[in-house]
Amino acid sequence: MLLAAIAWPPPPDRAMECMFMTSDACKEGKGVPGIGGYLGGMWWWLPVSEEFRALDIPELELIAFAVNVAVFFSYCYKFLKRGGHVLVALVDAQASAQILAKQTAHSRVMVAVHEAILGMKEYQTIAPWLMVGHLFGEGNHCADCASRGKIGELMSYGSQIKVRLTRLTVPALADDLLRTALKAKL
């Protein structure tokens, strides 16, 4: 199910084009703990240092969504401003999708991260065209690989589907969001 990030007007009579971006967070299991995202062959990864492993997965998942918005903003905005287009953010935590759709969070950490997202100019710009959904497991393969630092596996997948993958730079915003969440947690 997809949820609108803000109140949406009815869809136009013609079909809309969609752009999909995915995000994920990982703390345990195979690979390196981190957050990551993917959009059409572009990806990013930020290992989560020991300092930030006190954060829970839903908190890291919401941060990963925000970093996705910042990292992919210029590509998404070019697509959206042509009109009749939708950006679909698929997140690996149902809590993140619900917070973004309902515009409300309850825990101190999620409230702090959500408020930071609402303050992002990139988010404010794309929100009118943003749909959010929950995607996990095999359906979220590229973001899963990115969040776990499984770069070889991600590159192999890109080769198999004939997509040239490009790693993008993670902005300082990611560290700011992690610090905001950790401060709210303590």
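Figure 1. The mean positions of the 18 positive and 17 negative charges of the protein lie 5 Å apart. The structure shown is a predicted model. The protein exposes about 9,100 Å² of surface, of which carbon and sulfur atoms supply 57%.

**Figure 2. Overall fold and dimensions of the protein.** Seven helices and seven strands make up the secondary structure of the protein. Their order along the sequence follows the pattern β-β-β-β-α-β-α-α-α-β-α-α-β-α. The radius of gyration is 16 Å, close to the 16 Å that the globule rule gives for 186 residues, so the protein is as compact as a globular protein of that length. Along its principal axes, the C-alpha trace spans about 50 × 40 × 25 Å.

**Figure 3. Burial and contacts within the protein.** Of the 186 residues, 47% are buried. Among contacts with a separation of 6 or more, 79% are accounted for by residues 24 or more positions apart.

Figure 4. Ser-96 is located in helix α2, which comprises residues 94–102. Ser-96 counts as buried because its relative accessibility is 0%, and buried means under 20%.

**Figure 5. Surroundings of the Ser-96 side chain.** When residues up to four places away in sequence are not counted, Ser-96 touches Pro-58, Glu-61, Leu-62 and Val-91.

Methods: Residues are numbered from 1 along each chain as its sequence is written. This is a predicted model: local features need pLDDT of at least 70, side-chain atom pairs count only at pLDDT 80 or more; totals for chains, interfaces and linings use all residues. Side-chain values use heavy atoms; hydrogens and water are left out. Helices (H or I, at least four residues) and strands (E, at least two) are DSSP runs, numbered from the N terminus. Buried means under 20% relative accessible area, exposed over 50%, partly exposed in between (1.4 Å probe, protein chains only). Contact means heavy atoms within 4.5 Å. The radius of gyration is taken over C-alpha atoms; the globule rule is 2.2 Å times the number of residues to the power 0.38. Accessible areas come from the Shrake-Rupley method with a 1.4 Å probe; for residues, only the protein chains shown count as cover. Lys and Arg count as positive and Asp and Glu as negative; His and the chain ends are not counted. The place of a charge is taken as NZ of Lys, CZ of Arg, CG of Asp or CD of Glu.
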